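Okay, thanks everyone, let me get the model up on the screen. I'll talk through a few helices and the core, so keep the structure in view.

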Amino acid sequence: MAQVEKRGGLLRKSSAYKKPLKEKVVLMYDEIFMTEDPSKCSPRFWEELFLMKVNLEYLEGKLESLDGEELMKIKDNINCLFQHCIQALGEEHPIRVVNALQTLCALIRGVHQKNKSTSGFDIINMLMGFDKAELCMKNLMESLDSLLCAEGSESLKSLCLKLLLCLVTVTDNISQNTILEYVMINSIFEAILQILSHPPSRREHGYDAVVLLALLVNYRKYESVNPYIVKLSIVDDEATLNGMGLVIAQALSEYNRQYKDKEEEHQGGFFSALTNMVGSMFIADAHEKISVQTNEAILLALYEAVHLNRNFITVLAQSHPEMGLVTTPVGPAPATPATPLGTTPPSSDVISSVELPLDADVQTSNLLITFLKYSSIVMQDTKDEHRLHSGKLCLIILTCIAEDQYANAFLHDDNMNFRVNLHRMPMRHRKKAADKNLPCRPLVCAVLDLMVEFIVTHMMKEFPMDLYVRCIQVVHKLLCYQKKCRVRLHYTWRELWSALINLLKFLMSNETVLLAKHNIFTLALMIVNLFNMFITYGDTFLPTPSSYDELYYEIIRMHQSFDNLYSMVLRLSTNAGQWKEAASKVTHALVNIRAIINHFNPKIESYAAVNHISQLSEEQVLEVVRANYDTLTLKLQDGLDQYERYSEQHKEAAFFKELVRSISTNVRRNLAFHTLSQEVLLKEFSTIS
């Protein structure tokens, strides 16, 4: 029914079915989606368009709603819009630049969404036209480079990075995104480095810059020469590398803080009270509910930096106050505005080598410690696919670190001692360690603790074989360094030996189930060879002679496990089955362990019989061991201190392709419309000069 409205003393009817008025910019978009050139009737059309607030949703939706044939009919207008957007980037008026950047985002995403099934070349033609693509992209990249390097608006820089992220992640498989060929030719690498080396820019844009760089490095990295890989590998500017390290450390610290907050919230809730009443029988299930979204993008950036740039290794040990732990001092207000914890990293100016007291409030930290804490969280639960990928990437990064001579030097440095509070999975048979009781030790101890923790906590039906292999490899590489450089590390080696023997017991007790999926003999051989490393070279790197005695004590005490392993591999190596060769390698590797057991056990039994003791103490067994070393004969085993160096291209290419695909999808999803909102920008540019 018609309504009667009273306006300025006049009565008029208004229809209930009256269509809502379209905003001016939408009407202009509709003109672009006609086959006619919109500037024919309106010569100032393009000039006016970029003064209008962009309606991203409408423009992108309109592009998606057209079928391929309809889209081809308006190709000339889309090409024209794309070219005018690029021209507008050179305008003096920042609002025109903002609108052009946002329009480009909508155009790129809209056309790609519509043409998912078609080749990249069709998309280049649709956006720019083949004949003009090279010049268009050259002008676009030069404009973005100028905006990123200029002293101007931080909001504009943010939008430039968003556009670049939009461009890079518009396809799931970035190597199929042919537009990126132009991003390779017209590099913005130096602009990214400038952002990372300049503290104010880094605080605002560091995260986007680092993620963008990590993605660009992965464009067709195995098929062609990627200039971003080449350039990243030779960066030696300290401020730039430290800036990159701070961005990564901040992102990982933020994850660690969020996890800690959730953990404390969880422990203080109703479930915690309930488990206290009925015991800890459900503790593992309760723990699984603590979940924070993992950050594979920033982890990929850390990997690429560690893997490609040897100079970045120094950044891992760069000391700074631990983010999120520094308490606000009581006293006069600081000269500079305080930054809320967990929002931005401290600038490199703030980071100095001043020694900080190692107490609960102010702890000296570095990127490696932050990374180890992050790893200890994500490696707890490998059932979730994202965490499994994160856990694998953490171990790959640790593998690269464990192979690096300089990294090993600071890992084992007695003058660089830290308390590293790793997260430990709640388990029924052990108490949670008190944080304040942690000793200050060289960083390699924290790496070994992390490996031991993983070994102990992942013996389960869904056995993560690949992660276990990587874990044992990290330990082996660290031992090789210690043997080579005769580093006598004061570490509780018994914990490692005990964890390894328990892992062997698990493999044996689940032989049938595990052999259906995995070659468990590869892992068993690696574990046995770790013991062989200790037996053969332990006198060069174990901290004291008594540590070497304790190794023998542990082997003798757990002899039943080694006897059972020998029986299992002997049985399979004498059968003509698929495991014959793999099992026989373990049989040969056990020769010295069996020699120790067969040499000392009769002497221990004889000592007990002579002294009428039914059960010998540890000290009594050690006494027998020390007295009978001279008559023990061991075989020299070759290659125990040799290992195959990490190679990404030959062994990890499939993993990284899948990981980058997942990161690309995630980055694209998070580049939502609200992140490209104009409100902040319009406040900044409230007047047009």
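This is a predicted model: local features need pLDDT of at least 70, side-chain atom pairs count only at pLDDT 80 or more; totals for chains, interfaces and linings use all residues.

Now, which side of α28 is hidden? The buried residues are Ser561, Phe562, Leu565, Tyr566, Met568, Val569, Leu572 and Ser573. Look down the axis of α28 and those buried residues fall within an arc of 165°, so they line one face of the helix. As for what covers them, the list includes α24 (493-509), α25 (511-515), α26, α27 (545-557), α29 (580-589) and α30.

Two of those helices also meet each other. The axes of α26, residues 520-541, and α30, residues 591-610, come within 9 Å and cross at roughly 65°. On the α26 side, the contact uses Val528, Phe531, Asn532 and Ile535, and α30 brings Asn592, Ile593 and Ile596. By type, that's five nonpolar residues, two polar and no charged.

Let's zoom out to the core. The largest nonpolar core has 229 residues, and Phe312 and Phe521 are the ones with the most contacts inside it. Here's α26 again: it supplies the largest share of this core, 14 residues.

And what does Phe312 touch? Leaving out residues up to four places away in sequence, Phe312 touches Leu241, Met244, Gly245, Ile248, Leu302, Ala305, Val306 and Leu367. Okay, that's my bit.

Note on methods:
Residues are numbered from 1 along each chain as its sequence is written. Side-chain values use heavy atoms; hydrogens and water are left out. Axes are lines fitted to C-alpha atoms, for helices over the stretch in contact, and angles run from 0 to 180 degrees between N-to-C directions. Helices (H or I, at least four residues) and strands (E, at least two) are DSSP runs, numbered from the N terminus. Contact means heavy atoms within 4.5 Å. Ala, Val, Leu, Ile, Met, Phe, Trp, Tyr, Cys and Pro count as nonpolar, Asp, Glu, Lys and Arg as charged, and the others, Gly among them, as polar. A nonpolar core is a set of buried Ala, Val, Leu, Ile, Met, Phe, Trp, Tyr and Cys residues joined through side-chain atoms within 4.5 Å. Buried means under 20% relative accessible area, exposed over 50%, partly exposed in between (1.4 Å probe, protein chains only). The arc is that of the directions from the helix axis to the C-beta atoms.
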